[in-house]
Structure formats: structure tokens, C-alpha cells
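I hope they are handy to have beside you as you look through it.

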Amino acid sequence: MHAQGQDRAPEYFQTDIQYGAQIFATQCTACHGTSGDQIPGVNFRAGQFKRVVSDNDLRATITNGVPGTAMQPFAFGASELTGIVSYLRNMNSFDARGMMLGNAARGQALFAGAGNCASCHAVNGKGPRVAPDLGDIGTLRTAELLHRTLVDPAASMLPANRPVRAVTRDGKVINGRRLNEDTYTVQLIDEQERLVSLTKADLREFTVLKTTPMPSYKDKLSAQELADLEAYLLSLKGVK
Amino acid sequence: MNHSRRTTFLLLLALLIPFALRAQVTPDRLLHASDEPQNWLTYSGSYASQRYSLLKQIDISNVKNLELKWVFQAQSLQKFETTPLVVDGIMYITQSPNDVVAIDPKSGRVFWVYHYATSPAARPCCGIVNRGLAILGDTLFMATVDAHLVAIDAKDGHALWSVKVAEPTAGYAMTLAPLVVKDKVIVGVAGGEFGVRGFISAYEAGTGKQAWRFDTIPDPDQPGHDSWRGSDWEHGGGAVWMTGSYDPELNLTYWGTGNPGPDFNAAQRLGDNLYSDSVLALDPDTGKMKWYFQFSPHDPYDYDSVQVPVLANSNWNGSPRKLMLWGNRNGFFYVLDRGTGKFLAGQPFVKVNWASSLDANGRPIATPQPPGMPTYPGIQGGTNWYSPSYSPRTGLFYVSTWEDYGTIFTGVQAEYKEGTRFTGGANAAPIPGADNPGGIRQGPVNTYTEALGTGGVVALDPQSGQKKWKFAMHDVNTSGILTTATDLLFVGGREGYFQALDARTGALLWKENLGGDIIAGPISFQVDGKQYVTVTAGNSLFAFALRE
């Protein structure tokens with residue numbers, strides 16, 4: 001019909017699985033056990049569930065709980081749910097021994113220091129607005145997508161965030177980051193951090209750039225440093 | 001009868017006839033709906049489903065003077081997909097879940113609201129939506145999301161009868177506007193994501209008694225069953241969730257069918273999977289099938305073929321021919337002979353890579369993409385259920401499109417459990433981490449569509465299959481289309497703009513930002529000498545007419 005059918009994700013990513021494993025270890029093992037088979041009729045490693053078929057069923061059960069049972073509702077964000085679902089779907093083959101655990105405190109230091117992230121990104125309003133505020137990035141992006149963005153930012157940039165360049169009929173150049181666009185207009189935040197809405201018919205030129213000022217951290221940071229930075233970013237869940 | 005009684009009788013008759021003529025929507029009026037363009041008597045405007053209005057007050061020169069006359073705000077935040085009926089100065093719409101509202105089309109004020117208590121057992125796949133009503137006599141007919149058919153008095157909004165069409169706990173639902181043909185009300189059932197076995201059924205308009213039923217997935221005793229293996233047919237899908245059309249001369253009613261089940265794991269249902277993704281030509285008196293044409297055999301992409309069949313009479317290779325025009329979700333535009341179902345022509349109207357072309361019989365030459373590579377068009381298709389339009393004046397077929405839009409499809413084993421989703425899919429957008437544009441946008445910020453698909457309206461010449469023009473939109477286009485005898489084309493879009501184009505060239509003539517997705521089709525009607533155009537956007541219905 002006209003909705004997207006989705007029983008399972010096409011692929012589960014190592015970074016998400018690791019993130020899910022960490023959450024599972026702290027939030028789920030008390031009842032389900034470290035092997036996920038402590039509740040009668042449920043065995044995560046064996047893929048045995050009572051009422052779950054699809055990934056969305058899993059998300060719903062975790063979010064809503066199961067009334068009348070010990071399964072309480074959990075207020076996880078989308079990326080946490082993706083992590084948990086990825087882990088549950090791969091528990092039988094995941095080897096935690098190779099897992100590189102990130103340290104969010106060290107990641108925060110990298111964000112402000114060697115990583116130079118804070119020169120473009122704010123966190124909850126502290127910092128510049130040249131690039132998106134990352135204060136709630138831990139709820140918006142999965143662990144896997146954060147990892148990809150750090151190692152290959154241009155390829156991973158979502159279309160919404162692309163830099164745009166507009167030239168008005170009288171020659172004024174406006175550079176900025178796209179916030180929204182439709183057939184007739186575009187909304188952006190310009191380099192002076194002003195919100196600007198432009199009518200395309202008034203422009204001589206309008207270009208959406210496929211490049212990004214953000215550097216790749218693939219060779220700039222070690223694997224451990226990347227894990228630390230990702231742990232910090234995943235911990236950013238907005239102003240509560 | 002003596003003289004005085006006869007005189008009295010004739011006098012009474014003379015008094016009653018004008019009222020009867022105005023008040024009663026007879027089968028004959030439905031047959032000739034185009035002769036009363038001031039009204040909008042069926043979901044698609046006429047049995048030919050052209051969504052073409054003969055009204056001429058609004059034209060190319062004055063359309064810029066359209067102004068908002070009134071707004072009706074639905075008491076629902078669900079998608080607003082209704083097409084109104086307008087009958088002798090009264091408008092009838094549905095609002096979610098299954099309310100019927102009678103409205104003064106000059107002021108937008110409400111006469112009455114009929115509320116149907118929808119069962120919580122209803123589980124429509126894609127929103128608690130309803131697309132509109134049918135009318136016969138003084139009775140409105142509504143198909144409900146809990147799979148009932150309800151008859152409602154058009155004067156006072158009270159229910160006259162209600163029948164259960166199918167079992168909602170098994171995943172059956174109804175979202176379409178019924179089609180009245182003669183004395184019968186015809187409906188189809190949704191549920192293709194729940195492994196239902198689809199059907200079309202007809203009910204006596206006066207009583208609700210079932211007159212016939214046609215199963216879209218044949219059982220072992222029915223023709224076409226050999227297109228299935230084993231017991232796969234039992235959950236074979238073939239849902240029918242859009243309104244059909246009718247040709248009174250041929251006495252055939254045409255209905256499109258949806259995906260086979262499970263949607264994406266075709267390995268679980270070998271064979272052509274008849275009559276999924278097909279158009280069926282049925283005798284409206286008996287439900288017997290005269291012919292079928294399957295657009296997408298053994299479909300793994302959810303390419304429902306439920307689009308409204310558009311009937312046009314035109315020359316074909318120099319001779320008059322009864323045509324059926326079809327912009328299919330699978331990305332191909334088809335011309336069929338609607339008397340026989342013979343394939344006449346077909347070619348892509350958007351980017352297509354699941355098939356290289358169609359053979360001489362219209363069967364696709366499949367070109368499955370390697371694992372992990374995107375298939376075009378994606379799940380939502382090159383178009384979907386949005387009503388297209390055909391203008392006999394321009395001879396062009398107009399369809400809303402999703403352009404350059406693909407999905408990475410992966411089939412996974414699906415287990416059938418009654419009433420639960422049975423789709424067998426693990427699908428993804430071509431950009432990692434991005435959500436593919438869904439059937440409806442979730443808010444006012446357009447975040448993904450540029451790289452994942454754009455949209456527009458294309459005008460196709462049925463004779464050549466070629467695009468006459470294209471009106472490009474930044475976002476994918478989910479709107480229905482209306483054309484008029486003054487060569488206007490009205491179309492919305494999910495950005496919320498309601499636009500008037502020149503139907504001959506695609507030039508933009510007028511637009512208004514209505515602030516919410518437009519996912520239904522515009523209509524036009526006339527009351528007290530004034531022509532109106534209405535369309536739903538977001539959660540409201542907007543009515544426009546020329547400035548005084």
C-alpha cells in the first residue's frame with residue numbers, strides 16, 4: 001500500500017551493535033540476563049520473542065513496555081533504540097571482546113580541543129551557528145551514522161544541511177547553510193548567522209554545494225579517539 | 001381514477017417532480033454526470049474518471065483573481081484525503097476516522113455531522129483515512145476503516161443500514177470512496193500489508209444485501225490460480241483501495257488491484273501472482289470478470305496498481321477507440337483497449353530500472369538490480385494513488401510524479417499471523433542514514449527529498465507516450481489533479497502550494513500557499529452562478545472562487 005513496509009533493517013552496523021551492547025549491559029540484563037534468555041519464552045540470541053516480529057515491534061515493545069508484566073516502558077531515543085535493536089538482532093554473533101568502548105569525557109575534551117569541532121558546532125547554544133548545533137545529536141543520529149560522518153563527512157551529509165550559495169539579481173552573494181527548501185523558496189542561515197528566506201525567482205544564481213567545510217577525521221584521530229568522540233556525541237540528548 | 005382525483009394527482013405530481021429531480025441522484029444522473037458540471041457526483045467526477053470539469057467561469061485570463069472564500073477545519077489530525085461530493089448545492093465530505101459532514105458550499109458552514117463509531121480493532125496500514133463518498137437517491141455510502149459499508153441519509157445524516165464487508169481483526173480495512181453503478185454500491189478492501197486475500201464486492205443500495213463478490217486472488221477452482229504455488233494464494237494480497245470506473249456502453253466496471261503478499265519477498269510466492277497489480281474488467285451486474293491485464297507480474301516492489309482507471313475515447317491509429325489510460329506506480333504509462341484489455345502502448349514516465357521495457361503484450365522485461373543497489377522507482381512508485389486527469393480538449397493525460405526516486409529493496413522471510421503485518425521487507429534509502437520520503441511528509445521542513453527524489457506533474461500524449469511538458473517540483477508530488485474546459489490544470493503538492501497551470505504548456509498561472517500537504521484531488525463545482533475550486537491541505541478544506 002502507500003506506507004513503507006519494513007520488517008527488519010537491511011543491514012545492522014557494527015557501531016550501532018556496539019552502542020546497543022553497552023545500553024543492553026546497563027539497562028536490560030537485570031531481567032533478561034547477559035545472554036538474553038532469562039525470561040521464559042524469550043531468547044534474544046535464538047531470535048525467540050513472544051510478540052515481536054518486526055524491528056518496529058521491538059522498538060514499540062521497548063518503548064511501551066508490556067502491561068501486566070515486569071517489562072516496563074523505556075524512554076530511549078531513536079539512536080538508542082536503533083542500537084538496542086541492532087544488538088538484539090546480532091547477539092548470537094557479536095563478540096564483545098573486540099569492542100572498543102569510548103569515553104565520553106575524553107570525547108568532550110577532543111570536541112573542544114584537538115578535534116576543533118567547537119569552532120563550527122555549538123552544543124546547546126554554546127558556540128557558533130555555522131554548522132548545526134549538536135546538542136541533541138545523540139537522539140538524531142545513530143552511532144553508525146555519526147561514525148560515518150566523522151570519517152567521510154561529505155558523503156554522509158544529509159541533503160538538508162548542505163551549504164548553499166545564492167546570488168540576487170543585483171549581484172549580492174549570500175552563502176549559508178540550508179534549513180529548508182521548496183519549489184519556489186529557500187530558507188537558510190547565512191554566514192552572519194541571520195535567518196534568510198529567498199524567493200528563487202528573485203535570484204540570478206542558486207547552487208546547492210555537494211562539498212562540506214567539515215574535515216574527515218579518519219586520519220586525524222586514532223580509533224580510540226574516534227570512539228571517545230562518538231561516545232560524547234551519543235551522550236548529547238538535548239536540553240531536558 | 002375520477003376526474004377530480006386525477007387532477008389532484010397530476011397537480012401533486014407536477015409539484016413533486018421538480019423536487020424529485022433535484023433531490024434524487026438517479027442512476028441516469030450518474031450516467032450523465034458530465035452534463036451537470038455544477039455538481040461533483042462521484043469520487044472521480046464522472047464514470048470515466050477524467051477529473052475534467054466543463055465549468056468555464058475561471059479561465060486562463062482570470063485565474064490570477066482566485067481568492068479564498070472559506071475554510072473547513074477537520075476535527076482530526078489524520079491525513080485529509082477526502083474528495084467532496086457536491087449535489088444540488090450541498091457538499092458532502094468525510095473526515096477521519098469515518099465522519100460524514102454536510103456543508104454549505106458557499107459559506108463552509110456545516111449542516112450536520114454523522115459520526116461512525118469505528119472499531120478499535122481496525123488496523124489500516126497507512127493512516128486512519130477515508131477518501132470520500134458515493135451517492136444514489138438521497139443516500140450516501142461510506143466505506144469504513146473497520147471494513148463496514150454504511151448507508152447514510154443525505155438529508156439528516158442518520159445511518160440507514162450498515163453491513164460488515166470483511167473482518168478488521170484480520171487486517172481488512174476500507175479507505176476508498178464506493179462506486180455506485182445502477183442499483184449497486186461497489187467497494188474493495190485494503191489490507192495488502194496484512195496478507196489478506198483481496199476482493200471487490202457489490203451491495204444492493206436499498207438494503208445492503210451483498211449482490212456479488214469477486215476475489216482478486218483466485219482459489220484452486222478459479223481461473224488464474226495456476227499463477228500461484230501451493231497455499232501462497234491464501235495470503236496473496238491483491239487489495240483494492242481506490243475507486244474504480246465504469247463504461248455504461250460496454251457495461252464494464254474497472255478496478256485496479258494492489259501488491260501480492262508478502263509485499264517484498266517474492267521468493268515466498270513464485271509465479272505471476274494473479275490478479276495482483278492488475279486492472280480487472282467486471283460486469284457490474286454479476287461481478288463476472290470479462291478481462292484482466294496484469295501490469296507487474298510477481299512484483300517484489302509493492303507497485304500497487306490501484307490507480308483510478310481513466311477512460312478516454314480517442315482515435316488510435318486513425319480509428320476511434322475506447323481507451324484506458326494508466327500512469328502506473330511501476331513507472332510505466334499504459335494505453336489499453338478497455339473493451340478487450342489489449343495492450344496498445346506503454347513506456348516509462350519517470351526513471352525506471354526494474355524493467356528495461358514492455359514487450360508486445362505489455363509484459364515487463366524485468367531487470368532486477370544487484371543486492372544493495374537502488375531500484376527505480378522506489379516503494380512509493382513513480383506515482384501512487386493520486387488521481388490523474390485527462391482533458392479531452394488537450395488530449396493529454398496528466399499525472400503527479402516522484403522523479404529520480406529509488407529504494408534498495410531486500411526481501412526477508414515473512415511469517416503469516418492473522419492481523420499482523422506481512423510484508424517481508426528490509427528496505428532502505430539509497431543514502432545511508434536518510435529516511436526515504438514516505439507516503440506523507442511529517443512536517444513543514446523538507447529534509448531529504450532533493451537527493452532522494454523530486455516531483456512534479458507531467459503531461460503525457462497517449463498517442464505517442466511522449467511527455468508534452470513537465471512542471472518540476474522540489475518535493476515529491478502526492479496531489480490529485482483537476483483539469484477544466486478552459487485549459488486550466490489545478491494541482492497541489494506536499495509542499496502545500498495549490499497551483500493553477502496552463503494545461504497546454506505547463507506554465508504556472510497562480511499559486512497559493514495553503515500550509516499543509518495536499519494529498520487529495522481538487523474538484524470544481526458551481527453554486528448560485530459562482531464557480532468554486534476546492535482542495536484539502538493539511539487538516540483543512542479550502543474553497544476558492546474569483547474575487548467579486
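**Notes on the model**

1. (A residue is buried if 20 or more other C-beta atoms lie within 10 Å of its own, exposed if 12 or fewer, and partly exposed in between, with C-beta atoms placed from the backbone.) D277(B) is not a glycine, yet its phi is positive, at about 50°. You will find D277(B) in the loop between β16 and β17 of chain B. (Helices, H or I of at least four residues, and strands, E of at least two, are DSSP runs numbered from the N terminus.)

2. A word on conventions before going on. This is a predicted model, in which local features need pLDDT of at least 70 and side-chain atom pairs count only at pLDDT 80 or more, while totals for chains, interfaces and linings use all residues. Residues are numbered from 1 along each chain as its sequence is written, and chains are lettered from A and ligands numbered from 1 in the order in which they are written.

3. The loop between β16 (252–256) and β17 (278–282) of chain B also holds P262(B). A cis peptide bond, with omega about -5°, links G261(B) to P262(B). Another cis bond runs from Y376(B) to P377(B), with omega near -10°. P377(B) sits in the loop between β24 (364–366) and β25 (389–391) of chain B.

4. S49(B) belongs to the loop between α2 (27–31) and β1 (52–53) of chain B, and it counts as buried because 28 C-beta neighbours lie inside 10 Å.

5. Turning to chain A, its secondary structure consists of 9 helices and 5 strands. Along the sequence they are arranged as α-α-α-α-α-α-α-α-β-β-β-β-β-α. The C-alpha atoms of chain A fill a box of roughly 70 × 50 × 30 Å along the principal axes. Of the 240 residues in chain A, 35% are buried. Among contacts in chain A between residues at least 6 apart in sequence, 61% join residues at least 24 apart. (Two residues are in contact if their C-beta atoms, placed from the backbone, lie within 7 Å.)

6. How confident is the prediction for chain A, and where is pLDDT lowest among its elements? The mean pLDDT of chain A is 87, and 97% of the residues score at least 70. Over residues 1–5 of chain A pLDDT stays under 50, and the model has 28 contacts beyond four places in sequence for them. Where pLDDT is low, the predicted coordinates should not be read in detail.

7. Helix α7 (residues 143–151) of chain A is largely enclosed by the rest of the structure, because 7 of its 9 residues are buried. Those buried residues are A143(A), E144(A), L145(A), L146(A), H147(A), T149(A) and L150(A). Their cover includes α1 (14–27), α4 (78–90), α8 (153–156) and α9 (223–235) of chain A.

8. The axes of α1(A) and α7(A) come within 7 Å and cross at roughly 130°, which makes α1(A) oblique to α7(A). (Axes are lines fitted to C-alpha atoms, for helices over the stretch in contact, and angles run from 0 to 180 degrees between N-to-C directions; angles under 35 degrees count as roughly parallel, over 145 as roughly antiparallel, 65 to 115 as roughly perpendicular and the rest as oblique.) T15(A), D16(A), Q18(A) and Y19(A) of α1(A) make the contact with A143(A), E144(A) and H147(A) of α7(A).

9. For α3 (residues 55–64) and α4 of chain A, the axes come within 10 Å and cross at roughly 120°, so α3(A) and α4(A) are oblique to each other. Here D55(A), L58(A), R59(A) and I62(A) in α3(A) meet L81(A), I84(A), V85(A) and L88(A) in α4(A).

10. Lastly, the contact between the chains takes 46 residues from chain B and 25 residues from chain A.

How values were computed. pLDDT is the predictor's confidence in each residue, from 0 to 100.
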